[in-house]
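Colleague: I have a model open and would like to go through a few local details. Could we take them one at a time?

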Amino acid sequence: VTGVLSQPAGLYEVDGQLALCLAYQQFHSLRKVVRPGVSLELQDVHLLQSVGGGTRRPVLAPCLHGAILLRGFSCQKPETQSFYQAQGTSLFEQLVWERQLGLPLYLWATKALEELASKLCPHMLRHHQLLQHSTPGNPSPGLQLLAPVLDVLSPPGSMRRNAHKEILEEPHHCPLQKYMRLQTPCS
């Protein structure tokens, strides 16, 4: 790992050339360990070629069917995590696990939330308010702002992900597709 693109969203830089998305894994504590200098071995990952838009580099994304092995720890001191980043993690998890976003739409939503935060926080909202987890009767401001676009591109009401089935099912089905071309849905 050579860089952290967005720790709450589970986005990292690998070898200075690739993006690594760990959002589709259910390892909450793994995000605290992954920092520049960490050596990871990725098994059975999905490769998504960038066509433009949200990212300019190919993205590696392990799903629940794959494996992430920690081969070496980083001697670098971990960055102090701000309060809004810790709170924002739950909204990003909600986008993956409850809204069932595929990787292109997830990367777009992550970039959109980053841009909204830069424009709205701290002048109109606090970061933790924008990125808080939504409940059925109380959507977060971040989800309220993204919902109109997400509802058109990925209609709500799809079934929740079944982690056990994703791991064991053959042929393998998950929100990621192996070796697909990555296109941003809109700008």
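Colleague: Which side chain makes a polar contact with the side chain of Glu 13?

Modeller: Please bear in mind that this is a predicted model. The partner is Arg 57, whose side chain makes a polar contact with that of Glu 13 at 2.8 Å.

Colleague: Is Glu 13 buried or exposed?

Modeller: Glu 13 counts as buried, because its relative accessibility is 17% and the cut-off for buried is under 20%.

Colleague: Where is the place of Glu 13, and what is Glu 13 in contact with, leaving aside its neighbours within four places in sequence?

Modeller: Glu 13 belongs to strand 2. With those neighbours set aside, its contacts are Val 1, Thr 2, Gly 3, Leu 5, Leu 18 and Arg 57.

Colleague: How many bridges join strand 1 to strand 2?

Modeller: There are 3 bridges between strand 1 (residues 3-6) and strand 2 (residues 11-14), and the two strands run antiparallel. Ser 6 stands opposite Leu 11 of strand 2.

Colleague: Which residue takes a positive phi in that hairpin?

Modeller: Gly 10 does, with phi near 75°; the hairpin has 4 residues between its strands.

Colleague: Turning to helix 5, where does the kink lie?

Modeller: A kink of about 50° lies at Ala 147, shortly before the proline Pro 148.

Colleague: What span should helix 5 have, and how far apart are its end C-alpha atoms?

Modeller: At 1.5 Å a residue, the 13 residues (141-153) should span 18 Å, and the end C-alpha atoms are 19 Å apart, which agrees.

Colleague: Which residues in helix 5 are buried?

Modeller: Gly 142, Leu 143, Leu 146, Ala 147 and Leu 150 are buried there.

Notes. Residues are numbered from 1 along each chain as its sequence is written. This is a predicted model: local features need pLDDT of at least 70, side-chain atom pairs count only at pLDDT 80 or more; totals for chains, interfaces and linings use all residues. Side-chain values use heavy atoms; hydrogens and water are left out. Two strands pair if DSSP finds at least two bridges between them. The expected span of a helix is 1.5 Å times one less than its number of residues. The bend at a residue is the angle between axes fitted to the seven residues ending there and the seven starting there. Buried means under 20% relative accessible area, exposed over 50%, partly exposed in between (1.4 Å probe, protein chains only). A polar contact is a pair of N or O atoms within 3.5 Å; within protein, one must be able to donate a hydrogen and the other to accept it, and residues adjacent in sequence count only if both atoms are side-chain atoms. Contact means heavy atoms within 4.5 Å.
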